Amino acid sequence: LKTIMHVSDISNPCKPWHISKIWGDRVFEEFMAQGDREKAEGLPVSPNMGRDTKQAELSVNFVDFIVAPFFMALTSLLPRVH
């Protein structure tokens, strides 16, 4: 059950573009706000949370290194998901 919940959490790139784009923009702004807050409080800015982060690069890395491997592993465990 935890695995299925995690899949639903990271599945945004698998949705239709018009939906994925909206949510991707919202997540990116949340990341930027977190980085701004960390900086304002004199804390080190977490990776990918700084204003120098490029949204396109972050999105591609998320798909390549998080979403795709997770879904590939899931389809090997649950072949009918493929």
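1. D25 and K21 are both located in helix 2, 4 residues apart, which is about one turn of the helix. The model is a predicted one, and in it the side chains of these two residues form a salt bridge with an N to O distance of 2.8 Å. D25 is partly exposed, its relative accessible area being 27%. K21 is likewise partly exposed, with a value of 34%.

2. A further salt bridge joins the side chains of D36 and R51, at 2.6 Å from N to O. D36 belongs to helix 2, whereas R51 sits in the loop between helix 2 and helix 3 (55-77), so this pair ties together parts that are 15 residues apart in sequence. As to accessibility, D36 is partly exposed, at 34% relative accessible area. R51, for its part, is exposed, at 51%; the cut-off for that class is over 50%.

3. The side chains of R37 and E41 also meet in a salt bridge, with 2.5 Å between N and O. R37 is exposed, with a relative accessible area of 56%. E41 counts as partly exposed at 47% relative accessibility. The structure holds 3 salt bridges: D25 with K21, D36 with R51, and R37 with E41.

4. Where is E38 placed? The residue lies in helix 2, which covers residues 17-40. E38 is buried and yet has no salt bridge. Its nearest side chain of opposite charge belongs to R37, 9.5 Å away. A salt bridge requires a nitrogen to carboxyl oxygen distance within 4 Å, and R37 has its salt bridge with E41.

5. Which residues does E38 contact, once its neighbours within four places in sequence are left aside? The contacts are with L43, P44, V45, S46 and M49.

6. The remaining point concerns the aromatic rings. The structure holds 0 aromatic pairs.

Conventions:
Residues are numbered from 1 along each chain as its sequence is written. This is a predicted model: local features need pLDDT of at least 70, side-chain atom pairs count only at pLDDT 80 or more; totals for chains, interfaces and linings use all residues. Side-chain values use heavy atoms; hydrogens and water are left out. Helices (H or I, at least four residues) and strands (E, at least two) are DSSP runs, numbered from the N terminus. Buried means under 20% relative accessible area, exposed over 50%, partly exposed in between (1.4 Å probe, protein chains only). Lys and Arg count as positive and Asp and Glu as negative; His and the chain ends are not counted. Contact means heavy atoms within 4.5 Å. Rings of Phe, Tyr and Trp (its six-membered ring) pair if their centres lie within 6.5 Å; planes under 30 degrees apart count as stacked, over 60 as edge-to-face and the rest as tilted.
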